[in-house]
Amino acid sequence: MILRTELLNHIVSKRDYKKYLEIGVRDANKGNFNKIEIDYKIGVDPEPRTRQSNIVELTSDDFFKVNKEKYDIIFIDGLHLEEQVDKDIVNSLDALNENGIVLLHDCNPPTEFHQRDKYEVNGKFPAWNGTVWRSIAKVRMTRTDLKVQVVDTDWGVGIIEKSENQELFPETKDLNYKFLDTNRKKLLNIIDTDTFFKMY
């Protein structure tokens, strides 16, 4: 399976990006952050397992309140709940350089259990995508100025970039798992990895 790190590094290389921001680093060594091949990178996490000089120990909300920089590519993998992801998307778009891009992890939960609200279940932490997909769906339903796609790999890697005259998905207030499962491909605008590498 092609992982998010490979997608990120591909875009960085193809577009010659220089500045990277990651929201939700967790473990920089075992996870994604330290594997991104770019000149300048900043990570944000309130409780990182790896402490290093380019990881800011703040919530994403607090980070964006003080951030003065612009980034070429931003990866959102923080708290997997739609209320937080909604804010992270808006704040990330405000912090993007022209022709920049935002990617998000955990956009395509395979079962209703994976999109539960809480990570912990009976003292354990099984695979969890949360409700990131709802944030993707809302952008697809309301923003004609944003191109949105989800790559069908690694729990669904979302891509958001500025692009005019995008077709909206018909809006609904009933964003439950049944609605996702019935409309998944069109709602999330899913592409396979071959298509990703051709497009990006």
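A cavity, on a 1 Å grid over the protein atoms alone, is a set of points where a 1.4 Å probe fits but cannot get out, and its lining residues have an atom within 4 Å of a point.

I am working with a predicted model, in which local features need pLDDT of at least 70, side-chain atom pairs count only at pLDDT 80 or more, and totals for chains, interfaces and linings use all residues. Residues are numbered from 1 along each chain as its sequence is written, and side-chain values use heavy atoms, with hydrogens and water left out.

**Entry 1: cavity.** I searched the whole structure and found 1 cavity of 30 Å³ or more. I noted about 30 Å³ of space in the largest cavity, a volume being the space filled by probe spheres set on grid points that are joined across faces, edges and corners. Its lining is made up of Ile76, Asp77, Gly78, Leu79, His80, Val85, Leu104, His105 and Val132.

**Entry 2: Glu22.** I placed Glu22 in strand β1, residues 19-23 (strands are DSSP runs of E, at least two residues, and helices runs of H or I, at least four, numbered from the N terminus). A salt bridge is a side-chain nitrogen of Lys or Arg within 4 Å of a carboxyl oxygen of Asp or Glu.

**Entry 3: salt bridges.** I counted 13 salt bridges by this rule. Glu57 pairs with Arg51, with the closest N and O atoms 2.9 Å apart. Glu57 counts as partly exposed because its relative accessibility is 38%, and Arg51 counts as exposed because its value is 62%. Asp62 pairs with Lys65 at 3.7 Å between the closest N and O atoms; both lie in helix α2, 3 residues apart, about one turn of the helix. I also looked up Arg143 and Asp145, whose salt bridge has its closest N and O atoms 2.8 Å apart. A network of salt bridges links Glu82, Asp86, Arg134 and Lys138.

**Entry 4: Lys178.** I found Lys178 in helix α5, residues 177-187. Is Lys178 buried or exposed? Lys178 has 67% relative accessibility, so it counts as exposed. Its C-alpha atom is separated by 8.3 Å from that of Glu112, 66 residues apart along the chain.

Technical notes: On a 1 Å grid over the protein atoms alone, a cavity is a set of points where a 1.4 Å probe fits but cannot get out, and a pocket is an open set with protein on both sides within 12 Å along at least five of seven lines; lining residues have an atom within 4 Å of a point. Buried means under 20% relative accessible area, exposed over 50%, partly exposed in between (1.4 Å probe, protein chains only).
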